[in-house]
Amino acid sequence: MSETLNNTVALVTGASSGIGQATALRLATSGARVALAGRNVERLKSVAEKIAAAGGEAFPIEVDLRTSAEAERVVSQTVDRFGRLDTHYQCCWRHAQRPVHQESP
């Protein structure tokens, strides 16, 4: 396991499959501790097990990020577990309610 991200904490949304899963695995193999967020907790647990088997640390958080309250909860759970949050990778897809240029950051 590489240590380029040693002692960092990452939150990856959409971590149960695809780009999110690949991102989480790459972060973990680079030394980051990873919070795995998504709607499918069984798949998130599987990703966490892969990370643990490789010597990393991760935990799954079942979440549906369509509300700001849920986004706040997932950040709080990450900070509660790891003591801080250094970076966030948003790999989940969100259906826009309006054109992207009208969305707030």
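## Thr13 in strand β1

Let's start with Thr13, which sits in strand β1. This is a predicted model, so every value below is computed from predicted coordinates. Thr13 counts as buried because its relative accessibility is 2%, below the 20% cut-off for that class. Setting aside neighbours within four places in sequence, Thr13 is in contact with Ala37, Leu65, His88, Tyr89, Gln90, Cys91 and Cys92.

While we are in this part of the chain, have a look at the segment before β1, where Asn7 is found. Asn7 is a residue other than glycine with a positive phi, near 70 degrees.

In soluble globular proteins, nonpolar side chains tend to be buried together. Here the largest nonpolar core has 14 residues, and Val34 and Leu36 are the ones that touch the most other members. At least two residues of this core come from each of β1, α1 (18-29), β2 and α2 (41-53).

Phe59 belongs to strand β3 (residues 57-62) and Phe82 to helix α3 (residues 68-82), so the pair ties together parts that are 23 residues apart in sequence. Both Phe59 and Phe82 are buried.

## Helix α3 and its two faces

Helix α3 has 15 residues and spans 21 Å from its first C-alpha to its last, close to the 21 Å expected at 1.5 Å a residue. Its buried residues are Val74, Thr78 and Phe82. Viewed down the axis of α3, the buried residues fall within an arc of 45 degrees, so they line one face of the helix. These residues pack against β1 (9-13), β2 (33-38) and β3.

What does the face of α3 turned away from its buried side carry? On that face you will find the exposed residues Ser68, Ala69, Glu72 and Asp80. After α3 comes Gly83, with a positive phi near 90 degrees.

## Salt bridges

A search of the whole structure turns up four salt bridges. Arg73 and Glu70 are three residues apart in the helix, so about one helical turn separates them. Arg73 is partly exposed, with a relative accessible area of 30%, and Glu70 is partly exposed too, at 23% relative accessibility.

Another bridge joins Asp64 and Arg66, with the closest N and O atoms 2.5 Å apart. Asp64 counts as partly exposed at 27% relative accessibility, whereas Arg66 counts as exposed at 66%. Asp86 and Arg84 also form a salt bridge through their side chains, at 2.9 Å from N to O. In this pair, Asp86 is partly exposed at 42% relative accessibility, and Arg84 is partly exposed at 34%.

Technical notes. Residues are numbered from 1 along each chain as its sequence is written. This is a predicted model: local features need pLDDT of at least 70, side-chain atom pairs count only at pLDDT 80 or more; totals for chains, interfaces and linings use all residues. Side-chain values use heavy atoms; hydrogens and water are left out. Helices (H or I, at least four residues) and strands (E, at least two) are DSSP runs, numbered from the N terminus. Buried means under 20% relative accessible area, exposed over 50%, partly exposed in between (1.4 Å probe, protein chains only). The expected span of a helix is 1.5 Å times one less than its number of residues. The arc is that of the directions from the helix axis to the C-beta atoms. Contact means heavy atoms within 4.5 Å. A nonpolar core is a set of buried Ala, Val, Leu, Ile, Met, Phe, Trp, Tyr and Cys residues joined through side-chain atoms within 4.5 Å.
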